[in-house]
Every structure is written in structure tokens, then in C-alpha cells.
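Hi,

Please find the structure below, with its sequence. My notes on it follow.

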Amino acid sequence: AEPIIIRDTSVVRDKNPGEYAIYERLEVKSVLAVPFWKNPVGFLIVRNPKRFVDRSSFLQALAYVVFSSSTEKKLIERSQRVITPEQIQSDRDVVINVFGHLEICTSKGIITEDDLNSPKMSRYLVYLLLNRGGSTNPAYICEEIWPDKETDNPASTAKNMAFRMQSIFSQVSPHRLLVPAQPGYQLNPELNIITDIDRFEEYLTQAENALTLQAREELLKSAIDLYKGGLFRTASSEHWIMAHELGYKYKCLGVYNELMKLLYDKGDYSMVQYYAAKALKIEKADVDAYYWLIRCLQLRDSSTMVKGEMQLARHALSQEEFQDLTERLEKAG
């Protein structure tokens, strides 16, 4: 319940080189942090504060405001749980969203990742979703998700998580979400489980086979709308999901590139700039996004803005990527 003040992160260089390596990677020279409200759920942090490094009172007040706002947001979301996705037609239909934060939707309501209140259970469920048809062996899954932690009884761990999952899932469905398999547990094959990943892939397939450019454009937009800033965001940097995360990230950036080209060809330059900005939020070193953005600015004779974006690109891209961008722009005229 106390603020954390690190005036100079170099003081941990010798004592804890691993921690210091993280500071260096994140370009952190100093830290000012306060606990997030009353419970030990995290911190509100200022990286490299310019002034009042030793004063945390304002940051504590801001933490209270953020806590109040987030609590209000959760209450509003819970009041809207009667609204269900259009894909749900019966009590056997289950829509599970994995892009962004985990969300389970049925005809009777919605369960969020916060409702599960268990990082282990959330990870176990997402692992089964991403590896449908793969091994259900609890020992193998525990080793995959938590390789650095020894689990004395993986079978008991899996049984406990399946039991806890069912106690929560029963609030919105008369069916079981996880059922026993040999060994371990699997997603209930009697349920029609649809994920936003499935829908994302379906939109891309439909776009590839679209008969008109307008239909292709709308399908690509629908695919992008499903991607909410990463795959299972609370665990996206963990090794067991990283390959999936990077795969969908770069697939989504490819969709952005294709969409920006379609919009550029039909002269909708404002929307090109809009989607370029969104792509750069996903990947600040996206060469394609800079390419289409700068081409639009060149057409508008915005020389000052072109110079500004070129400077940003030079800072964000590697030397080879920036050279590639420059050559593509010169070639395009």
C-alpha cells in the first residue's frame, strides 16, 4: 500500500541485472508508481517523470479517479449482458471472443475474464480453444502453459479448473463447457462453439472469393473490426501463445495493407489515413502503413506533414525498412 519511487534505475544494475535489462528495453530511467486503489491488483505508473519525482499525491488521486471510472464501466457492461451476439440462436450456441480480452457469450448472458477471476483457468480454457483436436493430457498442458512451475498433480489441477469453470458457466448455460476426455478435459463437442478467430478466418476466406471490390472491402473491414489489439491480451507475451499472437498480428496487418490499397485505388484517401493510423497502433514499425499514409499526404500536397511522417518512420523503422520505404515511394512517383 506504499508508493514505489525509483529515482535512478541504474542502482539495480549489479544487484538485479535481469530487472535492469527490462528497464533498458523499455527505456526506463526512473519510476513513480502508486497502488491501484485499495487492493493489490496493480499500480498506476509514470515512466521517467520530469518533475515532482518524490511526490505521489497527485498520482494517488488520479488512481482513485481511474478506479472509479473502471468500476462504473464494469457495472454498465454487466447491465448490458442481456445483449447477445447475432450468432447465438439456441442454448447450445456459444460465442467465445479471444481477441482483446476473453469473453464467453451464450443465449442467457456473458461471462468476462474478470468474472472467471482466475488467470490459470482463463489460460487453460484459451489453450484448449487454440489447440482444438490436440492433446488434452493435463501434464502436457500444464508443462506447455507453466513450464517454470512444477505441478504435483496435473490431473487434479485440471479437474479443479473444470469444476470451477462449470460453476461459473452454469450461470449462463444449462450445458457443460468442458467435459472429461481421456485423459483430462476437452471443450464439449455437443456445443456449437464459435470464436472470433473462426469468424476472422471466415471473413478472409469470403473476401478472397468475393465477386466485387466493394464486397471484398466490406469483408476486410469486418475482419479488422474483430481484431481488438491482440490475442488474449493478458497472456499475449507468454511463450505458449506467442506464435498464435504474432501469426494473427501480422495476418491482421496484411489485411490492413490490402484494405488500404483498395481504398487508395478508389480515391478514398481519408479512410486510407484512418486505417493507416490504426495499423500503426498495432505495429509502430509497419512499413506498409507509412507507405500508404505518406502517399495520401503527397497527393494532398502536404509537404510539411510528409516530412513529419518521414521523420517518424525513420525513427520507428530499421535502416533497411526505411530504405525500402523510400525506394517504394520514389518508384510510385
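The protein chain has 13 helices and 9 strands. Please keep in mind that this is a predicted model. The C-alpha atoms fill a box of roughly 65 × 60 × 40 Å along the principal axes. Of the 333 residues in the chain, 42% are buried. Take the contacts with a separation of 6 or more: residues 24 or more positions apart account for 54% of them.

Next, the surface and the charges. The protein chain exposes about 19,500 Å². Carbon and sulfur atoms supply 51% of that area.

One surface feature to look at is a patch of negative charge. Glu320, Glu321, Asp324, Glu327 and Glu330 gather there. Glu321 is found in helix α13, which covers residues 319-332. Is Glu321 buried or exposed, or in between? Glu321 counts as partly exposed, because its relative accessibility is 32%.

Now the salt bridges. Side chains of opposite charge can pair when their charged atoms come close. The count in this model comes to 11 salt bridges.

Start with Arg7 and Asp54. Their closest N and O atoms are 2.9 Å apart. The pair links distant parts of the chain, 47 residues apart. Arg7 sits in the loop between β1 (4-6) and α1 (17-25). Asp54 sits in the loop between β3 (43-47) and α2 (57-79). Arg7 has a relative accessible area of 57%, so this residue is exposed. Asp54 has 47%, so this one is partly exposed.

Then look at Glu258 and Arg216. Their side chains meet in a salt bridge, at 2.3 Å from N to O. What does this pair tie together? Glu258 lies in helix α9 (residues 239-265) and Arg216 in helix α8 (residues 213-226), so the bridge joins parts that are 42 residues apart in sequence. Glu258 has 28% relative accessibility and therefore counts as partly exposed. Arg216 also counts as partly exposed, at 22%.

Helix α8 also holds the pair Lys221 and Glu217. Here the N to O distance of the salt bridge is 2.9 Å. Lys221 and Glu217 are separated by about one helical turn, because they are 4 residues apart in the helix. Are these two buried or exposed? Lys221 counts as buried, at 16% relative accessibility. Glu217 counts as buried too, at 4%. There is a further partner: salt bridges that share partners join Glu217, Lys221 and Lys266 into one network.

Last, a look at His101. This residue lies in the loop between β4 (93-97) and β5 (103-106). His101 counts as partly exposed, because its relative accessibility is 42%. Which residues does His101 touch, leaving out those up to four places away in sequence? The answer is Glu113, Arg233 and Thr234. For a sense of distance, take Phe36, which is 65 residues from His101 along the chain. The C-alpha atoms of these two residues are separated by 20 Å.

Go on to helix α8, where Arg216 lies. Finish at the loop that holds His101.

Best wishes

How values were computed. Residues numbered from 1 in each chain as written. Predicted model: local features only at pLDDT ≥ 70, side-chain atom pairs only at ≥ 80, totals over all residues. Heavy atoms only, no water. Patch = residues over 30% accessible without salt bridge, like charges linked within 9 Å, V, L, I, M, F, W, Y side chains within 5 Å. Areas by Shrake-Rupley, 256 points an atom, 1.4 Å probe, with all protein chains shown as cover. Salt bridge = Lys/Arg side-chain N within 4 Å of Asp/Glu carboxyl O. Lys, Arg positive; Asp, Glu negative; His and termini not counted. Charge placed at Lys NZ, Arg CZ, Asp CG, Glu CD. Helix = DSSP H or I, 4+ residues; strand = E, 2+ residues; numbered from the N terminus. Buried < 20%, exposed > 50% of the residue type's maximum accessible area, 1.4 Å probe, protein only. Contact = heavy atoms within 4.5 Å.
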